[in-house]
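Colleague: Hi! Could you walk me through a few spots in this one?
Modeller: Happy to, let's open it up.

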Amino acid sequence: MRFMKKLQNYINGKFQPPVSGGYIENIDPSRGVPFSLIPDSSVDDVTQATEAAKNAFPMWSGMSLNQRSEILLKLSKGIEDRMDEFVAAESLDNGKPVSLARQVDIPRAVSNLGFFATAVLHFASESHYMEGMGINYTTRKPIGVVGCISPWNLPLYLFTWKIAPALATGNCVVAKPSEITPYTAYLLSEVAAEIGLPAGVLNIIHGLGSKAGDAIVKHPDIKAVSFTGGTATGAYIAKTAGPMFKKLSLELGGKNPNIIFADCDFEDMLSTTVRSSFANQGQICLCGSRIFIERSIYNEFKDAFVEKVSRMKVGIPSDIDTRQGAVVSKDHMEKVLSYIKLAQEEGGKVLAGGHQIKLEAPYDQGFYIAPTIIEGLSYDCRTNQEEIFGPVVTLCPFDSEEEVLKMANATQYGLAATVWTSNLKRAHRVANQIHSGIVWVNSWLVRDLRTPFGGVKSSGIGREGGWEALKFFTEPKNIFIKE
Ligand code: NAD
């Protein structure tokens with residue numbers, strides 16, 4: 001086995017076992033067998049990490065911006081230098097195709113660190129002059145010790161998306177990756193040690209959300225929590241941390257609409273919609289899972305889409321031509337399959353996929369699902385309302401802009417959407433009326449790290465990215481001086 005290893009927590013610059021001495025099995029989704037052990041950390045480990053972070057804070061926040069920037073650039077470079085190892089670990093841990101980890105996950109983690117290492121050099125505060133009275137100027141100071149908790153779908157990518165702005169602005173961090181995909185966060189702690197990141201600045205705790213994660217949320221000295229994960233977990237964190245007056249950034253679930261008008265560039269739309277539906281086995285919070293198609297091209301779209309999707313190769317993540325790897329866990333596979341069953345009970349017709357796939361040994365216990373397309377469901381049934389977060393999409397025809405906006409906006413979620421049209425006025429009109437934090441017109445997943453990232457309604461509170469992230473991780477103070 002490639003990675004049969006016991007991971008350790010990274011606290012105060014040292015690798016150490018959990019205080020409890022307990023470990024949890026980490027499963028390789030491509031084969032359904034354990035391949036490493038991760039610390040089952042508890043409140044004791046989080047307390048140690050928080051103490052270390054508190055002790056490091058005066059030194060780290062007192063460094064010049066340039067010094068901090070240089071250290072973070074080294075961290076970014078350190079990942080890049082071990083690219084192959086990070087790519088293999090991400091694919092092994094998550095089940096995603098190696099090609100995707102190489103094209104998206106790890107390069108974007110490298111960029112996150114590089115971007116915030118330099119963005120912070122340009123982060124300026126405001127001043128407001130009052131004629132004849134004086135001047136207000138606003139300082140922005142780091143918060144202190146902050147908590148960063150991330151999910152399993154884009155493990156290192158989303159972990160660094162939080163850690164980078166937190167560290168760049170001078171905070172010290174207690175971070176926890178998902179217990180389902182901890183491996184690249186562990187490798188990141190190795191890089192941090194290698195490049196000489198000062199002890200206590202970044203502490204990485206492994207373990208269960210209900211234990212280690214909960215301890216981060218509840219620790220009184222962790223003053224802000226940046227969380228990405230499910231809406232139910234986000235609600236629990238808001239309920240717990242709210243009365244402690246912690247600053248919260250919550251990036252939560254989605255049920256994103258793809259809206260396709262007949263006047264779009266059909267070929268571009270088709271190939272992008274295959275990607276936006278099934279990339280990472282549909283386990284990207286930005287994947288579109290409800291596809292609305294103008295009725296005049298519904299049949300043409302359906303036939304072409306089913307044909308393309310049916311040809312996608314579901315296979316071993318390390319094979320270069322695999323387009324769909326394994327979903328992340330057995331529990332998740334069963335959840336996704338239960339939704340396919342529900343869709344059929346609700347009257348849906350499966351046009352492609354709809355079942356588990358068994359590969360040959362030693363991958364026969366892996367968690368593979370055929371990419372699934374379903375039609376014939378009402379926009380307000382459970383299948384079209386609840387987040388499935390897997391390789392399952394529904395098709396639904398529409399006749400007018402008003403009708404499609406009503407259906408697209410009729411969920412509790414509001415993360416992202418795509419609109420496909422060559423009519424510029426309509427693109428603006430529809431994009432403006434969709435209830436979501438992000439809209440891509442004639443495109444998908446184009447990321448500019450300067451732009452605000454996040455959702456509305458049950459998809460979260462706050463925004464990550466660019467100045468938004470730098471503002472979240474700093475506390476503004478206004479000072480007035482009389483003339
Ligand atoms: P999850 O909520 O189960 O877990 C996310 C993280 O929170 C994990 O590290 C977990 O250990 C931790 N956690 C769980 N319970 C906790 C608790 N009580 N206190 C503190 N931490 C706790 O989510 P998941 O299954 O890992 O991820 C999938 C979800 O994430 C989907 O809903 C998806 O839409 C969402 N997601 C959202 C975005 C976004 O940007 N909006 C991005 C990626 C994923």
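Modeller: One term before we start: buried means under 20% relative accessible area, exposed over 50%, and partly exposed in between (1.4 Å probe, protein chains only). This is a predicted model, where local features need pLDDT of at least 70 and side-chain atom pairs count only at pLDDT 80 or more, while totals for chains, interfaces and linings use all residues. Residues are numbered from 1 along each chain as its sequence is written, and side-chain values use heavy atoms, with hydrogens and water left out.
Colleague: Great. Is isoleucine 135 buried, exposed or partly exposed?
Modeller: Isoleucine 135 is partly exposed, because its relative accessibility is 34%. It lies in strand S7, residues 134–142; strands (E, at least two residues) and helices (H or I, at least four) are DSSP runs numbered from the N terminus.
Colleague: Now S9. Why is strand S9 largely enclosed by the rest of the structure?
Modeller: Because five of the five residues of S9 (172–176) are buried.
Colleague: Which residues sit on each side of S9?
Modeller: Cys172, Val174 and Lys176 are on one side, with Val173 and Ala175 on the other. In a regular strand the side chains alternate between the two faces of the sheet.
Colleague: What does S9 pair with, and in which sense?
Modeller: With strand S8 (residues 145–149), in the parallel sense, over five bridges. Two strands pair if DSSP finds at least two bridges between them. Lysine 176 in S9 is the bridge partner of isoleucine 149.
Colleague: Moving on, where is asparagine 153?
Modeller: Asparagine 153 is in the loop between S8 and helix H5 (155–168). It counts as buried because its relative accessibility is 3%.
Colleague: And what does the side chain of asparagine 153 reach?
Modeller: The backbone oxygen of glutamine 283, at 3.1 Å. Leaving out residues up to four places away in sequence, asparagine 153 touches several others, including Asn94, Asp105 and Phe389; contact means heavy atoms within 4.5 Å.
Colleague: Last one: which helix holds threonine 240?
Modeller: Helix H8, residues 231–241. Threonine 240 is buried, because its relative accessible area is 16%. A polar atom of its side chain lies 2.7 Å from the backbone oxygen of tyrosine 236.
Colleague: What does threonine 240 touch, not counting residues up to four places away in sequence?
Modeller: Val217 and Lys218.

Methods: A polar contact is a pair of N or O atoms within 3.5 Å; within protein, one must be able to donate a hydrogen and the other to accept it, and residues adjacent in sequence count only if both atoms are side-chain atoms.
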